[in-house]
Amino acid sequence: MGNNASFNVQMEAPKGVPADHAKHMSAGGSPPPECPMHQKQGGDNKSASPVPPHPKMQQASECPVQHDNSDVNPLNMMPPANQQPSPGQPFALPTERQTSTIPKVTEDGTVQFWQYPSQQMFWNAMLRKGWRWKKEDVDQKDMGDIIRIHNANNEQAWQEVLKWEALHAKECGNPRLKSFGGKAKDFSPRARFRSLLGYELPFDRHDWIVDRCGKDVRYVIDYYDGGLVDKDYRFALLDVRPAMDSVDNVWDRMRVTYMRWRYEITDKFASNDKEGSKAAASD
């Protein structure tokens with residue numbers, strides 16, 4: 001929960017992942033909007049769901065994105081999937097999509113999960129963001145790795161959200177992601193304060209709206225560059241917490257701060273007692 005600065009990042013990137021991937025992420029503002037987030041479990045791009053199918057489960061949906069088109073879904077501002085190759089595209093890209101473990105809000109209450117973008121959809125989204133590469137800058141293998149990084153970060157972020165939502169397990173046992181928005185250059189007050197202390201600014205920020213059994217709860221997610229990509233396609237350090245926009249959220253953050261403080265103090269005293277016992281036994 002909170003600032004996961006303790007994540008261990010391997011220093012060897014998977015073959016084909018651009019070494020300056022984080023810079024690519026920050027260069028265009030927020031990441032492509034086709035999915036919740038923008039970059040835990042790495043995986044292939046098969047469309048099989050990682051969770052058992054539900055009797056009411058329908059086809060998984062795309063992630064919410066703000067469009068002016070009249071054919072967007074008003075429930076989550078979801079546009080139609082763009083799986084068409086872009087003009088001048090240097091190579092063909094797969095259109096297969098992977099289903100996430102992140103449940104979504106539906107009008108009829110059926111169980112559905114957010115679906116990650118295909119490589120082709122991701123490419124088109126990056127073009128809309130103004131990203132341009134020369135032919136030698138990126139190839140098909142790179143796009144597959146970028147998708148895996150993107151999906152791994154989404155799964156990682158959702159697991160952090162669930163840790164906070166565990167505080168309300170009695171009132172809601174099945175929180176769902178309703179919508180999200182990227183705010184890459186709209187730094188959170190916490191990120192700005194950390195910057196004043198000499199820490200780097202996050203390369204991206206997302207605000208996720210989680211449906212807690214009928215109650216909307218906003219989460220702020222800051223993404224920090226954790227170094228090279230590890231074997232599970234993770235490289236970002238995530239700072240996930242409820243936004244300070246409601247009494248319940250403020251109370252949750254106070255409770256977690258107290259729990260962390262109490263754990264650190266208890267662990268410190270336990271370590272001191274252990275060292276004292278060893279010293280006494282050696283005398």
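How are α2 and α3 oriented relative to each other, roughly parallel or roughly perpendicular? In this predicted model, helix α2 (residues 119-128) packs on helix α3 (residues 140-165) at an angle of about 90°, and the two axes lie 10 Å apart. An angle of 65 to 115 degrees counts as roughly perpendicular, and α2 and α3 are therefore roughly perpendicular to each other. On the α2 side the contact is made by Gln 119, Phe 122, Trp 123 and Met 126, and on the α3 side by Gln 140, Met 143, Gly 144, Ile 146, Ile 147 and His 150. By residue class, the contact of α2 with α3 comprises six nonpolar and four polar residues, with no charged residue.

The spacing of contact residues along a helix can be read against helical geometry. An α-helix has 3.6 residues a turn, so residues three or four places apart point the same way. Helix α2 is mostly covered, with eight of its 10 residues buried. These are Gln 119, Gln 120, Met 121, Phe 122, Trp 123, Asn 124, Ala 125 and Met 126. The buried residues of α2 pack against α3. After α2 comes Gly 130, which has a positive phi, near 95°.

The secondary structure of the protein amounts to five helices and seven strands, which run β-α-β-β-α-α-β-α-β-β-β-α from the N terminus on. Of the 283 residues, 46% count as buried.

The largest nonpolar core holds 25 residues, among which Ile 102, Trp 158, Val 161, Leu 177, Trp 208, Tyr 219 and Tyr 223 touch the most other members. Two or more residues are given to this core by each of α3, β4 (176-182), β5 (204-212), β6 and β7. The most, six residues, come from α3. A second, separate core has 10 residues, including Phe 122, Val 138, Met 143 and Ile 147.

Trp 158 lies in helix α3 and has a relative accessible area of 2%, which makes it buried. Apart from neighbours within four places in sequence, Trp 158 is in contact with Thr 101, Ile 102, Pro 103, Pro 175, Arg 176, Leu 177, Trp 208 and Val 210. Three of these partners, Ile 102, Leu 177 and Trp 208, are also listed among the core residues that touch the most other members. The C-alpha atom of Trp 158 is separated by 9.2 Å from that of Val 240, a residue 82 places away along the chain.

Val 240 belongs to strand β7 (residues 236-242). Seven of the seven residues of β7 are buried, so this strand is largely enclosed by the rest of the structure. In a regular strand the side chains alternate between the two faces of the sheet. In β7, Ala 236, Leu 238, Val 240 and Pro 242 point one way, whereas Leu 237, Asp 239 and Arg 241 point the other way, and residues of both sets are buried. The buried residues of β7 thus include the charged Asp 239 and Arg 241.

Strand β7 pairs with strand β6 (residues 215-225) in the antiparallel sense over seven bridges. Along this pairing, Tyr 223 stands opposite Leu 238, and the bridge partner of Tyr 224 is Leu 237. Tyr 223 is also one of the residues that touch the most other members of the largest core.

The strands β5 and β6 form a hairpin with two residues between them. Cys 213 is placed in the loop between β5 and β6, and its phi is near 50°, a positive value in a residue other than glycine. Cys 213 has a relative accessible area of 43% and is partly exposed, in contrast to Trp 158, which is buried.

Note on methods:
Residues numbered from 1 in each chain as written. Predicted model: local features only at pLDDT ≥ 70, side-chain atom pairs only at ≥ 80, totals over all residues. Heavy atoms only, no water. Axes fitted to C-alpha atoms, helices over the stretch in contact; angles between N-to-C directions. Helix = DSSP H or I, 4+ residues; strand = E, 2+ residues; numbered from the N terminus. Parallel < 35°, antiparallel > 145°, perpendicular 65-115°, else oblique. Contact = heavy atoms within 4.5 Å. Buried < 20%, exposed > 50% of the residue type's maximum accessible area, 1.4 Å probe, protein only. Pairing = 2+ DSSP bridges. Core = buried A, V, L, I, M, F, W, Y, C linked by side-chain atoms within 4.5 Å.
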